[in-house]
Amino acid sequence: MKLLLPKLFFITLLISCFWIPENCFGQQPLTRKISFLEGLSSDVVYDLFVDKQGLLYLGTAKGLITYDGVHFDQIKIPETLGNAVNNIQQDHEGTIWCKNFANQLFFLKDGALRVEQKVKALLEQSDTNLVDFCLIKNSKYILTNKTLYHFVSGKIKPVYELKTDSQDGFNSITYDKESEKLYVSSGYFLLVFRNNILIEKRALSKNQKILEIFKGEIAYCTKSLDKSCFIQGQTISLENSGLDTVFLNRLTATKDALWLCSNKGIYKFDEKNKTFKNGFLKGVRITDIVQDFEGNHWISSLDEGLFMLPNDKIRELNLTSGTKRSYMCIAMGPNEHYFVGTNDGYVLEINNSGKGIREYKTKWEDNIEFVTFIGDTILTNYGFFKIGESAALPNNLYFGKNLKEDLRGNLLIASPSFGGLISRKLNGKHNFANTQNKFKEIKYGPNNLETLIFRNNRTESILFDPSNEKYYYGFIEGLFVYSSDGTEKEIRTADNQPLIAAEMLLNEDGTIWVATSQKGVFLLKDDKVVRHLSVRNGLSDNNCTKIASDGNGLWIVTDAGFDYYENKTKRIKNAELNLCIKGITINDITIFKDFIILATNKGIYYFEKKVLSQSILPLFNFTDFLVNNKKTTPIERLSLKYNENNINIKFKTIHFKSLGNYSYRYRLIGLDDKWYTSVSAVQNVNFLALTPGVYKFQINIKIGERYTPIQEINFEIHNPFWLRIWFLSIVVLSIIAVMYFIYRWAEIKTRKGEELKEQLALSQLTALRSQMNPHFIFNVLHAVQGLIYSNQKSKASDYLGKFSELMRKILDTSDKNEVTIEKEFETIDLYVSLEKARFDNDFEYKITFPEGVDLNNYTIPSMIIQPFIENAIKHGLMHKVGFKKLDIKVELLEDVWCFTIDDNGIGRKASEFINQKIKKHISFATKAIDNRVKLINKLTNRVIDIEVIDKKSVDYDALGTRIKIYIPINH
């Protein structure tokens, strides 16, 4: 345990390739260089400015650039005579102004710099140069070589002019808001104005004075070599600071400090001692320094771009050297000096005042993985040394990852090929009871060192618990513990998984912290897991490499970061964010009181634990809301058309300490309630072809274990008018109305159809009546009676048989709408034959059918032909004197049946005359058939056409009547 105590002291370190004994360490704040490797387009930076929103502006040789901690954005300059800009300011409306070295004043609008045209015209007319300018409320002061102008309300008026023939010229201008004084320097004078009135004129030594306001008072220095500065009403000598031979650039005030920017670094003003001290970046030409909302300081240079000073309480210890080294491990020796192992095989001894004492060089130019001690002997993985003697002790053994001492004079050894015990004397036999040769023993190394092997596996870590005399070995296959009697036990997780221990740490209460590969950190009590830290409860990564305890919590180095676990709250904090060490590899960690010391690949850093409490969340704001690639101003709830559904939401985050080590979490409620993540480099989110609906876009930032408040934008994409409620209501009502009208139309049509059917049935009944009218029946019966009286019984019987057959057929078809042509003409033939009996032998009739046509396959409306035949006989032939002839012809004309009824009677005109003379109305059958044809045409898709032809002689004498009935085919 004594060998662990040296890690309880504060450490200051410096590394050099060529070590010079007694050389003193130089201390400076931790700075991070940010240049073209991080995206900065120019390493020549003249000026810095932080705007009201926290964004950093850089005036560079290539123009105006902004930086938000992740992105460098170049501002466009449409009209320019020179890209290099400086003197960045912001007016009361938030507009950024700057100037270049070619007499042009710019303002930033719509993402581009615009030339101030009135100032341009003034400079051209007066043939002078723009020296400086200053923004005050809603006005500007323009400083040229000889004249001070006031630019307000679009008008430029001179305030003060130097004599044109004098050798004096203006240099600088600044404004004190508290006293409302405007200060202007020339080569010989300092002029003080209030409300454009000169209230003071001080004589100055000849030189270019750069003005600055510090705590309400004017301060200035000469932009050249000088022996003094003027601060808080006093002349401050630079000789005591060793700066009297240094070229000065300017004095710059930040929140609570005044800085001197020079060609040999930057220096902070000590108000108490009235001097400049703590200079750093001494090999860099510094031009400006500003402080952002997080407390970071940004330093610009003429050669090396931009530097970030995250916190002047985070210190870096280094020795000026031309060789870069990584620092792999650190331990305190029995002489209370610090011993640091490097990546090139050196151990550096440093006293606790930061002074280099000695360098110990091993034979290998490789990583020193551990430094430990036995008495005054330094033990490393590549050799042993006596403290105070640089020469290595004779030993050619490689001791792997680590050596630890037990209470029996043994050393636990973590070798790449085994884990076991050797004698601390490095000769002779170990002191461990290997009962019944349970464990293998070998001769190790060229000196045949007797070695006890617990397991022949790569060993990553070792630990000895003196209170229980237990030996812990972190093998590549798992964590094993051995008691002094040789009992072996494997410690596994709660779900029975092996523990691959990268490092182990014994606490005062006997519990053991175990940092593992791939599974996080475990706390063991009585060789059982009682606590587990992983990414699930805030650890930056499950692959842990180093751990250190400060009594109140555990510092954890992982592959992805640097975390702190607080025992009291059981919460994990991301320590890397406040330290601004993203990209720096921490190789070892040690603790002294409230100071944390890190050995890294870049240097040795130390800081107070309270630095972690200074946590500032990122600044987030929406920048653009694009709808179909057109900018739209988001309001409380944006209303969009149905085809305005391609949304691009742009945003910007400002956070510097994290160096982009944060992520976004966002979702679009209305599309998907699931949260999505994206890296800090993302600056917009696209949603394409959104369907109509109400949406809420929510976004916040996860930084370490914390989340920023949720920011949101509400918008609604309306349905097209044909899908809106009012239109759908109209459509539904219209459909209901149409359905109602259709229903009513169908109802009326059905009713009319039923009426037509009734009328058709009635017409069929009428046709039936026409065929069975009393006159016809009387005539038939009278004819039968005459045959009987004339003793023509056979003819009477035959005639009566035909009559009964006719009645049967008529009755058989009376309930049918359609009958076959063959059946229809069977009935007609019977009817005509019965009518023929009424005449003497002067009446003949003929029925002709088409050949090769089966009339049984075609139907026509029942009783449709007979009434026309009846009319031909009754009205055409009955009154004719002489031979009477009736021709009935059936023809198939493509898709129409043609029924021709041709008689040689007296004609229609003569028949009408006879009927009128005897006062007889039109045949009942004629009216009935006319109505029936009309009904059939309405009820069916067939149109029956009737053509009546009055046959005439050359002398226009009536020769009879021909009727043609056209009925479309119906199979």
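**Close-up 1. Helix H7, residues 866-877**. H7 has twelve residues and spans 15 Å from first to last C-alpha, close to the 16 Å expected at 1.5 Å a residue. The expected span is 1.5 Å times one less than the number of residues. Helices (H or I, at least four residues) and strands (E, at least two) are DSSP runs, numbered from the N terminus. Eleven of the twelve H7 residues are buried. Buried means under 20% relative accessible area, with exposed over 50% and partly exposed in between (1.4 Å probe, protein chains only). Among the buried residues are Phe868, Ile869, Glu870 and His875. The model is predicted: local features need pLDDT of at least 70, side-chain atom pairs count only at pLDDT 80 or more, and totals for chains, interfaces and linings use all residues. Residues are numbered from 1 along each chain as its sequence is written, and side-chain values use heavy atoms, leaving out hydrogens and water.

**Close-up 2. An open sheet of four strands, E15-E16-E17-E18**. Pairing is antiparallel; two strands pair if DSSP finds at least two bridges between them. E15 (170-176) and E18 (197-203) are the edge strands, each with a single partner, so one side of each lacks a neighbour in the sheet. The twist averages 20° from one strand to the next. Axes for such angles are lines fitted to C-alpha atoms, for helices over the stretch in contact, and angles run from 0 to 180 degrees between N-to-C directions. E15 and E16 (residues 181-186) share six bridges. Ser172 stands opposite Ser185 in E16.

**Close-up 3. Two phenylalanine pairs**. Rings of Phe, Tyr and Trp (its six-membered ring) pair if their centres lie within 6.5 Å; planes under 30 degrees apart are stacked, over 60 edge-to-face, the rest tilted. The count is 55 aromatic pairs. Phe620 and Phe651 are tilted, at 5.6 Å centre to centre and 35° between planes. They link strand E58 (residues 619-627) to strand E61 (residues 647-654), 31 residues apart. Phe620 is buried at 17% relative accessible area, and Phe651 is buried at 2%. Phe687 and Phe697 have centres 5.9 Å apart and planes at 70°, so this pair is edge-to-face. Phe687 lies in E64 and Phe697 in E65, ten residues apart. Phe687 is buried at 9%, Phe697 at 0%.

**Close-up 4. Charges over rings**. The criterion is NZ of Lys or CZ of Arg within 6 Å of the ring centre and within 35 degrees of the ring normal. Lys140 lies over the face of Phe151, 5.0 Å from the ring centre. The charged end of Arg665 sits over Trp675, 3.9 Å from its ring centre.
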